[in-house]
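Subject: Handover of a structure and summary of findings

Dear colleague,

Please find below the structure that I am handing over to you. The findings follow directly after it, arranged by region.

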Amino acid sequence: MRVLHLPRSIGANAYNLSVGERKNGIDSKVMIYDLSMYSSGADFVIKYSKNKKILYAIKAILFCIKSKNKYDVFHYNYGTAVIHTRKKWLFGLDVKFFRKANKVIAVTYQGGDSRQADYCLKNYETTFYTEEIVKAEKANDEMKRFRISFFDRYADMIYSTNPDLLNILPERAKFRPYTKLQPDEWEPCYSDYNKDKTVILHAPTRTHIKGTEYVDAAVARLKEEGYQIEYLMLQNIPNAEVIEYYKKADLVVDQLLIGWYGGFAVECMALGKPVMCYIRESDMKYIPDEMNRDMPIIRVTKDSLYEQMKYYLDHKEELNEIAKKSRQYVEKWHDPEKIAKEIIEDYKKVMESKK
């Protein structure tokens, strides 16, 4: 079996799933079009530039033509295609091409590729979306719905790394955990909770989405009350450098408005760091019951964050146990080799049905 992941690797999920597939004996490769300081590896890069769309299209089409007979499975990531124009009649020509060639088509959604402002504001009590954002995102929401419908028509398998997306994806879509990292490459770095000062870490890509204002307020209030805190709020730091900051953390705050933890939380848990995060309980029906029971994340809301932080600053001995469970959780639920094994079985079933 030969697998090609394309055309993006947001949060390194595609790349590490590919590595997991290789560990299971599968010939798996990754092609991406977006290079950034957050990129984590790929076998092929066809760089996309808004100023050179025609050149990208030519290179991408030639690559797809050459790839048709080299791979059995084409696994799309971040809910998009190699031909990712907003022109609906052009979008996904590569997907149609591979489908016509009787190839296995899979797609994974990861968040911003499918999460819709109007749905979230209407259906969730806690969300970062506002009426103003809904108006601004109207065209994007419509495009997301079109692309979801497109892949529902052409993809054999649909996955989501975020349970809330299963509220809006086709019913046949399946939850799969993040494949953010290789656990054996991340050495735990447990904190000494006997020290006086506690390092609290928060690393938002976009502050309004992660609820940073509530983290700032809780930390400021605790400092005023005399708690010895060092607050690390990180932004725009390359992958190669950011891990050293993670290692300094004693307590991590992920997000307070989305409803599920992100790749950042997985990295911190792999290092043995306790993580606080808002988990939307109504979405837990989409993940395995055992995973829900095992989850070591300290579940908070924007309104309970201060009280929860204060409790654990007063009971730091409890953070030791959460730290160990966090590392174990990543090894059990976020190991790409284990996740790949299940996805490979899905590939095989579809391949068999196409014979």
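A residue is called buried here when its relative accessible area is under 20%. Please also note that this is a predicted model.

**Strand β8**

With that cut-off in mind, I begin with strand β8. Thr198, Ile200 and His202 point to one side of β8, Val199 and Leu201 point to the other, and all are buried. Strand β8 covers residues 198-202, and because 5 of its 5 residues are buried, it is largely enclosed by the rest of the structure.

Two strands pair with β8. Strand β9 (residues 229-233) is joined to β8 in the parallel sense over 5 bridges. Within this pairing, Leu201 has Leu232 of β9 as its bridge partner, and Ile200 stands opposite Tyr231 in β9. Strand β10 (residues 251-253) also runs parallel to β8, and 3 bridges join the two. Here Leu201 stands opposite Val252 of β10.

Leaving out residues up to four places away in sequence, Val199 touches Glu230, Leu232, Lys248, Ala249, Asp250 and Leu251. Val199 and Asp303 are 104 residues apart in sequence, and their C-alpha atoms are 21 Å apart in space.

**The sheet and its helices**

In what order do the strands of the open sheet of 5 strands run? The order is β9-β8-β10-β11-β12, with parallel pairing. The edge strands are β9 and β12 (298-299), each of which pairs on one side only.

Helix α8 (residues 212-224) touches β8, β9 and β10, and its direction makes about 165° with that of β9. Helix α12 (residues 305-314) touches β8, β9, β10, β11 and β12, and its direction makes about 160° with that of β11.

**Helix α10**

Helix α10 comprises residues 263-270 and is mostly covered, with 8 of its 8 residues buried. These buried residues are Gly263, Phe264, Ala265, Val266, Glu267, Cys268, Met269 and Ala270. Among the elements that cover them are β8, α9 (239-248), β10, β11 (275-277) and α13 (317-333). Just after α10, Gly272 takes a positive phi of about 85°.

**Aromatic rings**

How many aromatic pairs does a search of the whole structure find? The search finds 22. A pair of aromatic rings is described by the distance of the centres and the angle of the planes. Two pairs are set out below.

Tyr33 and Tyr56 form an edge-to-face pair, at 5.9 Å centre to centre and with 75° between the planes. Tyr33 lies in the loop between β2 (27-32) and β3 (44-45), whereas Tyr56 lies in helix α2 (residues 53-67), so the pair ties together parts that are 23 residues apart in sequence. Both Tyr33 and Tyr56 are buried.

Phe74 and Phe98 form a stacked pair, at 3.7 Å centre to centre and with 10° between the planes. This pair links distant parts of the chain, 24 residues apart: Phe74 belongs to strand β4 (residues 73-77) and Phe98 to helix α3 (residues 93-100). Phe74 and Phe98 are both buried.

Arg221 lies over the face of Tyr306, at 3.6 Å from the ring centre. Arg280 lies over the face of Tyr124, at 3.7 Å from the ring centre.

**Thr179**

The last item concerns a loop residue. Thr179 lies in the loop between β7 (174-175) and β8. Is Thr179 buried or exposed? Its relative accessible area is 0%, so Thr179 is buried. The side chain of Thr179 makes a polar contact of 2.8 Å with the side chain of Arg176. Apart from neighbours within four places in sequence, Thr179 is in contact with Ala12, Asn13, Asn16, Leu17, Pro336 and Ile339.

Yours sincerely

Notes
Residues are numbered from 1 along each chain as its sequence is written. This is a predicted model: local features need pLDDT of at least 70, side-chain atom pairs count only at pLDDT 80 or more; totals for chains, interfaces and linings use all residues. Side-chain values use heavy atoms; hydrogens and water are left out. Buried means under 20% relative accessible area, exposed over 50%, partly exposed in between (1.4 Å probe, protein chains only). Helices (H or I, at least four residues) and strands (E, at least two) are DSSP runs, numbered from the N terminus. Two strands pair if DSSP finds at least two bridges between them. Contact means heavy atoms within 4.5 Å. Rings of Phe, Tyr and Trp (its six-membered ring) pair if their centres lie within 6.5 Å; planes under 30 degrees apart count as stacked, over 60 as edge-to-face and the rest as tilted. A charge sits over a ring if NZ of Lys or CZ of Arg is within 6 Å of the ring centre and within 35 degrees of the ring normal. Axes are lines fitted to C-alpha atoms, for helices over the stretch in contact, and angles run from 0 to 180 degrees between N-to-C directions. A polar contact is a pair of N or O atoms within 3.5 Å; within protein, one must be able to donate a hydrogen and the other to accept it, and residues adjacent in sequence count only if both atoms are side-chain atoms.
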